[in-house]
Amino acid sequence: RDPHGLRAVTVLGATGSIGTSTLDVIARHPERYRVHALTAHRSRESLLRRCREHHPEVAVLDREQDAAWLRSRLADEGLATEVRFGAAALVEVAEASDVDVVMAAIVGAAGLLPTLAAVRAGKRVLLANKEALVMSGALFMDAVARHGATLLPIDSEHNAIYQCLPVEHRGGLSRHGVTQLLLTASGGPFRGWTPERLATVTPDQACAHPNWSMGRKISVDSATLMNKGLELVEACWLFDARPEQVQVVVHPQSVIHSMAAYSDGSVIAQLGNPDMRTPIAYGLAWPERIDAGVEALDLFRVAHLDFEAPDETAFPCLRLAREAMAAGGTAPAILNAANEVAVDAFLTGRLGFTAIGDLVAHTCDALPVERADELGTVLEADARARRTAASLLGDD
Ligand code: NAD
Ligand code: MG
């Protein structure tokens with residue numbers, strides 16, 4: 001424990017959209033939090049700026065050459081941050097004994113091992129990295145229970161549902177009178193578009209989200225509705241729900257962040273401006289509430305709340321994710337890996353927008369589903385799905 005009572009925070013993925021918002025909230029509360037470690041993949045300049053501002057004890061980059069560059073820049077400026085590199089260093093800063101809180105904000109499967117390390121070390125884990133949970137749901141939730149970790153969802157929808165549920169919601173939703181989780185979706189930038197028009201979408205169009213400013217991978221996922229599919233899987237694991245208990249509701253204003261419906265007819269919703277600092281501040285301070293720097297919601301300016309059903313014909317990824325969850329085992333890990341390959345190919349101009357769903361579907365069809373109660377099996381399914389997707393792409 002810190003002598004001044006400060007909670008020590010590691011931010012995995014500190015240079016990304018969620019990492020940046022997290023550091024913004026932390027900087028508002030120097031009396032509560034100190035930064036233990038900041039990590040980034042390749043963006044060393046941006047990690048250097050964050051080191052200057054937040055003085056972490058440790059900074060982590062992927063490659064040795066970038067670590068050497070950062071080390072010498074920090075030394076020039078007389079900053080004491082220690083620099084490490086590689087996958088093992090990510091795990092170290094996630095499980096270090098003097099860390100209280102780990103923000104898991106790496107994008108994609110790359111975040112699984114450090115996030116799981118934080119869980120196994122019994123930390124308070126703020127989960128933004130939904131892919132980690134989608135891949136390994138059963139063993140991830142089992143590790144949370146076994147190691148006494150505190151798992152707080154940061155994905156805005158899941159954070160909203162968490163706020164709408166009774167404090168103790170384990171053991172199945174129906175036990176607590178919850179009949180359905182209503183997962184809201186903005187519908188993405190191409191809501192209402194025909195498949196013909198969708199085929200022409202470019203990466204820059206897909207990354208210009210109407211309501212949220214996010215990293216490029218999740219922006220594409222929001223545009224294909226795969227993000228909502230991953231979130232459906234995420235909701236099933238976090239809240240012990242069956243896929244049919246999660247209803248996706250398109251709500252273009254993104255003011256209601258999600259809802260829980262109860263057996264007596266009550267529907268409880270969480271509302272707010274679309275700003276990730278709200279769920280981040282909730283996760284950091286829970287069960288207390290702190291200032292997040294977010295403007296108060298002005299309902300007169302919002303004026304209308306609209307709802308419609310998702311179009312699963314134009315956006316098949318939502319259905320693919322629901323099917324993967326129902327299939328169980330390694331199916332969600334296969335879906336996730338195929339999607340990561342497809343999104344990367346789309347962003348680098350090698351795959352059309354509507355072909356993302358096709359590549360995911362073909363990869364899922366090509367591979368057997370296995371039990372997913374061991375990490376090795378999950379990682380193997382992930383690797384095999386990446387190879388299969390790459391060969392379907394003609395990349396191998
Ligand atoms: P981003 O692309 O902006 O940032 C990703 C961060 O992870 C960066 O710091 C990057 O350096 C690091 N990173 C990337 N690849 C890595 C690798 N292979 N190894 C180690 N580090 C790596 O992404 P983001 O939008 O901040 O999203 C982060 C996670 O949070 C994603 O899982 C996303 O689905 C989830 N999320 C984001 C939002 C949002 O509003 N941005 C909302 C809900 C959930
Ligand atoms: Mg979300």
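Trainee: Is Cys236 buried or exposed?
Mentor: A residue is buried if 20 or more other C-beta atoms lie within 10 Å of its own, exposed if 12 or fewer, and partly exposed in between, with C-beta atoms placed from the backbone. Cys236 has 23 other C-beta atoms within 10 Å, so Cys236 is buried.

Trainee: What kind of model is this, and how are its parts numbered?
Mentor: Residues are numbered from 1 along each chain as its sequence is written, while chains are lettered from A and ligands numbered from 1 in the order in which they are written. Local features need pLDDT of at least 70, side-chain atom pairs count only at pLDDT 80 or more, and totals for chains, interfaces and linings use all residues, since this is a predicted model.

Trainee: Which residues come nearest to ligand 1?
Mentor: A residue is near a molecule or strand if its C-beta atom, placed from the backbone, lies within 6 Å of it. There are 26 residues around ligand 1, and those that come nearest are Gly13, Gly16, Ala110, Met214 and Gly215.

Trainee: Which element gives the largest share of the shell around ligand 1?
Mentor: The elements that give two or more residues to the shell are helix H1 (17-27), helix H6 (130-147) and helix H10 (216-224). The largest share is three residues, and the element that gives them is H1.

Trainee: Which domains does the shell around ligand 1 draw on?
Mentor: Domain bounds come from an automatic or database domain assignment. At least three residues of the shell come from each of domain 1 (7-154) and domain 2 (161-327).

Trainee: Which residues touch the most other members of the largest nonpolar core?
Mentor: A nonpolar core is a set of buried Ala, Val, Leu, Ile, Met, Phe, Trp, Tyr and Cys residues joined through C-beta atoms within 7 Å. The largest one has 124 residues, and those that touch the most other members are Ala104, Leu126, Ala321 and Ala338.

Trainee: Which helix gives the most to this core, and how many of its residues are buried?
Mentor: H15 gives the most to this core, with ten residues. H15 is mostly covered, and of its 17 residues the number buried is 14.

Trainee: How far does helix H15 reach from its first C-alpha to its last?
Mentor: The expected span of a helix is 1.5 Å times one less than its number of residues. Helix H15 (residues 331-347) has 17 residues, for which 24 Å is expected, and its reach is close to that, at 24 Å.

Trainee: Which peptide bond is cis?
Mentor: Most residues other than glycine have a negative phi, and most peptide bonds are trans. Pro287 is in the loop between helix H12 (277-285) and helix H13 (299-302). With omega near 5 degrees, the cis bond runs from Trp286 to Pro287.

Trainee: Leu225 has a positive phi; is Leu225 buried or exposed?
Mentor: Phi of Leu225 is near 70 degrees, in a residue other than glycine. Leu225 is in the loop between H10 and helix H11 (226-239). There are 29 C-beta neighbours inside 10 Å, so Leu225 counts as buried.

Trainee: Ala303 has a positive phi too; is Ala303 buried or exposed?
Mentor: Ala303 is not a glycine, and its phi is about 65 degrees. Ala303 is in the loop between H13 and helix H14 (317-327). Ala303 has 8 C-beta neighbours inside 10 Å and therefore counts as exposed.

Notes: Helix = DSSP H or I, 4+ residues; strand = E, 2+ residues; numbered from the N terminus.
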